[in-house]
Amino acid sequence: MESLFKYSKAVKEALDNNEEIVALESTIITHGMPYPDNLKTALNVEEIIRKEGVTPATIAIIKGKIHFGLEKEELNFLAQESSVYKASKSDLSYVLSQGLTASTTVASTIFLASLQKIKVFVTGGIGGVHRNYCELLDVSNDLEALAETSITVVSAGMKAILDIAKTKEYLETKGVTLIGYQTNQLPSFYSSESGLQVDLRLETPKAVANLIKMQERLQLKKAIMIANPIPKKMEIKKELVADYLKKAEEKLKKENVKGKAVTPFLLKEIVKESKGDSLKANISLIYHNAKLGALIAKALNEEKSK
Ligand code: PSU
Ligand code: MN
């Protein structure tokens, strides 16, 4: 049978030599940001990771093949093509068996990364329990995937458009370890704080690497979520975000947007409401996460060689 997997040269080499890799999702590129910011951000994120001597592996599905590491033309295509499908875990077999092209969400990316034994994944913010949860049981598959996958996810918390308190509870129920990186507060994506405490806190990439090693010794097949607050000078105050979100939600209701279109719709509306400030914040938090993810991957490799 023909292989489902395609590797960029750099990722192939890193996998063969057992070198550090950081996995990246592609829905941020196709649905999370407008062109050309999406392309610029994707390229910069990869560069930040490379600068630390770690290999980035952006994951996406192109013509029915799972790509680990994208060439520049492929990134360029995904960034500009507006009809690319957003594939969560429930869409994977469909997309692959139909030979389609799709971006991968946090859920599907961490699943695919774990197939290659990649241990660290970086994103902006994870999906979670939506705020109209009681009306419609809209809970991102990201949370189930975190409950089933051995990988460390570096993010700036849950996306601000979600019910953050419920998402936090859900993670606990599912046995996902939530760590505040140099913070006692759960960050909330555009803001460094959420008003909610995190119980567990770590200070260094090495401490995170030790935690990952322990999780492996225990064979706990759960994700570890590292909540890395957006740098204070780039943050948007949470009261202001609440304001933007309220307006975005009114529009969502009026236009009756549902399902997988909800997250991209709200993110886009908040960019408009904030006159681009939220996009700037989104970009800078991703860069910040990329750096930390690379440092954790490096620390993990140092621990391994001891
Ligand atoms: N973070 C961002 N922008 C995004 C996403 C995350 O900064 O676009 C994407 C991720 O791919 C995440 C998805 O997995 O949104 C969640 O969507 P849903 O609620 O439909 O599961
Ligand atoms: Mn959703």
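This is a predicted model: local features need pLDDT of at least 70, side-chain atom pairs count only at pLDDT 80 or more; totals for chains, interfaces and linings use all residues.
Which residues do ring pairs link into a cluster? They are F5, Y7 and F68.

1. **Aromatic pairs.** The structure holds four aromatic pairs. In one of them, the ring centres of F5 and Y7 lie 6.3 Å apart. Their planes stand at 65°, so this pair is edge-to-face. F5 is partly exposed, at 28% relative accessible area. Y7 is partly exposed too, at 30%.

2. **F5 and F68.** Here the ring centres are 5.5 Å apart and the planes meet at 80°, so the pair is edge-to-face. This pair links distant parts of the chain. F5 sits in strand 1 (residues 5-7) and F68 in strand 4 (residues 65-68), 63 residues apart. F68 is buried because its relative accessible area, 0%, is under the 20% cut-off.

3. **Nonpolar cores.** The largest nonpolar core has 88 residues. I126, L146, Y190 and I226 touch the most other members. Helix 12 (residues 277-304) gives the most to this core: twelve residues. Another core, of ten residues, lies apart from it; I29, A42, L70 and L75 are among its members.

4. **Y190.** Beyond its neighbours within four places in sequence, Y190 is in contact with residues including A160, I230, L267, A281 and L285. E235, S278 and N282 are also among its contacts.

5. **Ligand 1.** There are 17 residues around ligand 1, and E25, K86, S140, D142 and K159 come nearest. A polar side-chain atom of S140 is 2.7 Å from a ligand oxygen. A side-chain N or O atom of D142 also lies 2.7 Å from an oxygen atom of ligand 1. At G125, a backbone N or O atom is 3.1 Å from a ligand nitrogen. Alone, ligand 1 exposes 480 Å², and the protein buries 95% of that.

Methods:
Residues are numbered from 1 along each chain as its sequence is written. Chains are lettered from A and ligands numbered from 1 in the order in which they are written. Side-chain values use heavy atoms; hydrogens and water are left out. A nonpolar core is a set of buried Ala, Val, Leu, Ile, Met, Phe, Trp, Tyr and Cys residues joined through side-chain atoms within 4.5 Å. Buried means under 20% relative accessible area, exposed over 50%, partly exposed in between (1.4 Å probe, protein chains only). Helices (H or I, at least four residues) and strands (E, at least two) are DSSP runs, numbered from the N terminus. Contact means heavy atoms within 4.5 Å. A residue is near a molecule or strand if one of its heavy atoms lies within 4 Å of it. A polar contact is a pair of N or O atoms within 3.5 Å; within protein, one must be able to donate a hydrogen and the other to accept it, and residues adjacent in sequence count only if both atoms are side-chain atoms. Accessible areas come from the Shrake-Rupley method with a 1.4 Å probe; for residues, only the protein chains shown count as cover. Rings of Phe, Tyr and Trp (its six-membered ring) pair if their centres lie within 6.5 Å; planes under 30 degrees apart count as stacked, over 60 as edge-to-face and the rest as tilted.
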